[in-house]
Amino acid sequence: MAKLMLYLFDDAAARAWQPFALTRPAGELMLGAFTGRARAERCFGSACAGHIAAPHLAGFAEPGAAPVVEPTAIPTDRDRLFLNARFIPDWNAGFQPPTRPAAITADDTVVGWFAPAGYDTPDNGWFLEPTAGDDVATISGRVLHNVWELVAENPDQLRRDFDGVARSGAVPSPPRDFATVGYRDGQLRLGSGVTIEPGVVFDFADGPIWLDDNVTVRAFTRLAGPAYVGPGSTLLGGPYTAVSVGPVCKLHGEVEETVVLGYSNKAHDGFLGHAYLGRWVNLGAMTTNSDLKNNYGPVRMWTPAGEADTGLIKLGCLLGDYVKTGIGSLLNTGTVVGAGSNLFGSAMPPKYVPPFSWGTGTELVEFRADKFLELTATVMRRRSLELADGMRGMLERAHALGRGQASGAGPGVMDGGAG
C-alpha cells in the first residue's frame, strides 16, 4: 500500500450534483465528519493525488484539497486506485491490491478501478460511465445516488465516522463545567485549543459530539449529537441538532440536520433545517428556510434533468458555493440556489435560482463575473486568504457555463430545466 496513488473521480451522475458540481469536485463535499477525499485518505492510508472531474474545474484549489487532474497526465509508474467520489467506503473496508488491472465493486456496483504500476489509466469515457472488465476486486461500502442524500444520510454517517476514528485512539471524557444530557463515556471528542464557555449544554442522547481544533462554543448553546464542528469554527448560541460544520464557520440561531461546508457565516437568528451550504456562504440576519411542506408530503426538488421526487418529508435548501442572502430572506421547502447568487429583499425567490443570479424574488438578473470575483476576493481576504489565479480562472469558466445555461445557450453541466 505504500506505493498506492489514490484518485477520486466524478462520474456522469456526480457531475450533475448541482448546485455544487459547478464549482467543486464531488470528493470535496462533506458528509458526516469528513469530505469524501479526507475519508478516503484515512481509510486507505494514502494522500489523494487528485480529482478527475469536469474540465472546467481545472484550477480548483482550497486549503487541504486535492487538485483537479487530467487522466492522461497521471503517471503510470506507481499503483493507482481510482474511486468514484459518490462511493462511501466502510471504515474497515480495507483493500488488497490485485496483481492485474481490475474493476472495484461494492454490492455489484462498479465503484472504482485498480491499475498496477506499468498499466494504463482508464480513458475519460470510462470515468464518466464506469464498467467492469475481466478482473474484479470487491470492497465494502455504499454509493450515494442523489445529491440530497448528503443531507438525509448525514446523521448516520456522523455516527459511523465517530466510531471509525474512535477505534484509532482514546476518546476523552468531558470536563464537568457544562451540562450534559444522556452522556456515556466515549461520546465526546475534543481537539486542541477548544473553548467552551459556561452555560453550554451538550445532548448525547442521539449520538456523539466532536469538536475539532480551536472550536469555540459560546454560552447559551445547546448542541445535540451526532455532531461535528470543524477547526476554527464558532457556535455563537442557540439550539443545534445533528450538524456537520466545516472549518472557519460562524453559526447562530436554530440549525437542525444541516451540513455547512466551510468558511460560511450564519451569525444571526433564523432557522436552517435539513439544508446543505457550500463554502463561502453568508446568510443575512433572520434568513430562514422551510424544511417541511404544509401537507407533510414528499419534497420535490430541481435537478439538471428536471424536477425530482426526493421521497423525503423534510428537506430544506441546497445553497451552492459563494451564495449570499440579505436580511429577512425566506427560502421555500426544497429550494436550490446556484453558486455565486446574491439574493435580497422580502420576496421569496423561486425554488430554483440559476447560478450567479442577483436580485429579489423572481426579479433576478446576472451577477456579473467581474463584480462577483471582486466580492469573492474581498471576502477571502477577510479570512487571510487570497483568490489564486487558477481558482479565479475556474470561477470565470463556471460563471460562463452557469449563465450560459441559465439563458438557455448550449449544452453543459447545467442541462435540464427547473421543475
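Visitor: Buried means under 20% relative accessible area, exposed over 50%, and partly exposed in between (1.4 Å probe, protein chains only). Is Ala26 buried or exposed?

Guide: Ala26 is buried, with a relative accessible area of 6%. This is a predicted model, where local features need pLDDT of at least 70, side-chain atom pairs count only at pLDDT 80 or more, and totals for chains, interfaces and linings use all residues. Residues are numbered from 1 along each chain as its sequence is written, and side-chain values use heavy atoms, without hydrogens or water.

Visitor: Where does Ala26 sit?

Guide: In the loop between strand S1 (5–9) and strand S2 (30–31). Strands are DSSP runs of E, at least two residues, numbered from the N terminus.

Visitor: And which residues does Ala26 touch?

Guide: Asp10, Ala14, Trp17 and Ala85, leaving aside residues up to four places away in sequence. Contact means heavy atoms within 4.5 Å.

Visitor: How far is Ala26 from Phe356?

Guide: 20 Å in space, C-alpha to C-alpha, and 330 residues in sequence.

Visitor: New topic. What is the strand order in the open sheet?

Guide: S4-S1-S5-S8-S7-S9, 6 strands with mixed pairing. Two strands pair if DSSP finds at least two bridges between them.

Visitor: Which strands stand at the edges?

Guide: Strand S4 (48–52) and strand S9 (136–138). Each has a single partner strand, so one side of each has no neighbour in the sheet.

Visitor: How many bridges join S5 to S8?

Guide: 4, between residues 80–84 of S5 and residues 109–115 of S8, and the two strands run antiparallel. Arg80 is opposite Ala115 in S8.
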